[in-house]
Amino acid sequence: QVRVGESGGGQVQAGGSLRLSCAAPEPTFSLYTMAWFRQDRGKEREFVAAVSREGSKKRYSDSVKGRSTLSRDNHVNTVYLQMNMLKPEDTAVYYCAAKAGDPLLTRPSGDLRDYNNWGQGTQVTVSS
């Protein structure tokens, strides 16, 4: 198990940018595939982006591809989601998730059922 905590959410106008961070205190952070999901009120939780353990393999949802960049720094146990050109439909609670057991260089999963460590979420609100 790994504890993860999100930060960086807030309210921005459409077209603006935000950088979300997800940190874990455990030194075993590099053993985990990391991902972001989001959930708006009344909707199902959906995949946003994921990164492999060493950071070389990434997966993005079609909804954020081209507007977002996911990266990780295993030296500081943190994964970052840079979101640009934000739209009102990006409004949601953003959750960080971790998945153990993947070998290095594995393309990360976008299925939330594969992730068993979740943060509390951070709210992102984009106004038009």
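# Reading the disulfide and the strands

The structure, which is a predicted model, holds one disulfide.

User: How do you know that Cys22 and Cys96 are joined by a disulfide?

Analyst: The sulfur atoms of Cys22 and Cys96 lie 2.0 Å from each other, and a pair of cysteine sulfur atoms counts as a disulfide when it is within 2.5 Å. The value meets that cut-off, so the pair is called a disulfide. In general terms, such a link is a covalent bond between the sulfur atoms of two cysteines.

User: What makes the link of Cys22 and Cys96 left-handed or right-handed?

Analyst: The angle about the S-S bond is -80°, and with this value the link of Cys22 and Cys96 is left-handed.

User: Which parts does the pair tie together?

Analyst: Cys22 belongs to strand E3 (residues 18–23), while Cys96 belongs to strand E9, and so the pair connects parts that are 74 residues apart in sequence.

User: What makes E1 and E7 the edges of their sheet?

Analyst: The open sheet has four strands in the order E1-E3-E8-E7, with antiparallel pairing. Strand E1 (5–7) and strand E7 (68–73) each have a single partner strand, so one side of each is left without a neighbour in the sheet. Neighbouring strands of this sheet are turned by 15° against each other on average, when direction is ignored.

User: How do you know that E11 pairs with E2 and with E9?

Analyst: The cut-off is again at least two bridges. Strand E2 (residues 10–13) is joined to E11 by four bridges and runs parallel to E11, with Gln13 opposite Ser127. Strand E9 (residues 92–100) is joined to E11 by three bridges and runs antiparallel, with Val93 as the bridge partner of Gln123.

User: Which residues make up the covered face of E11?

Analyst: In strand E11 (residues 122–127), the covered face consists of Thr122, Val124 and Val126, whereas Gln123, Thr125 and Ser127 form the uncovered one.

Methods: Residues are numbered from 1 along each chain as its sequence is written. This is a predicted model: local features need pLDDT of at least 70, side-chain atom pairs count only at pLDDT 80 or more; totals for chains, interfaces and linings use all residues. Side-chain values use heavy atoms; hydrogens and water are left out. Buried means under 20% relative accessible area, exposed over 50%, partly exposed in between (1.4 Å probe, protein chains only). Helices (H or I, at least four residues) and strands (E, at least two) are DSSP runs, numbered from the N terminus. Axes are lines fitted to C-alpha atoms, for helices over the stretch in contact, and angles run from 0 to 180 degrees between N-to-C directions.
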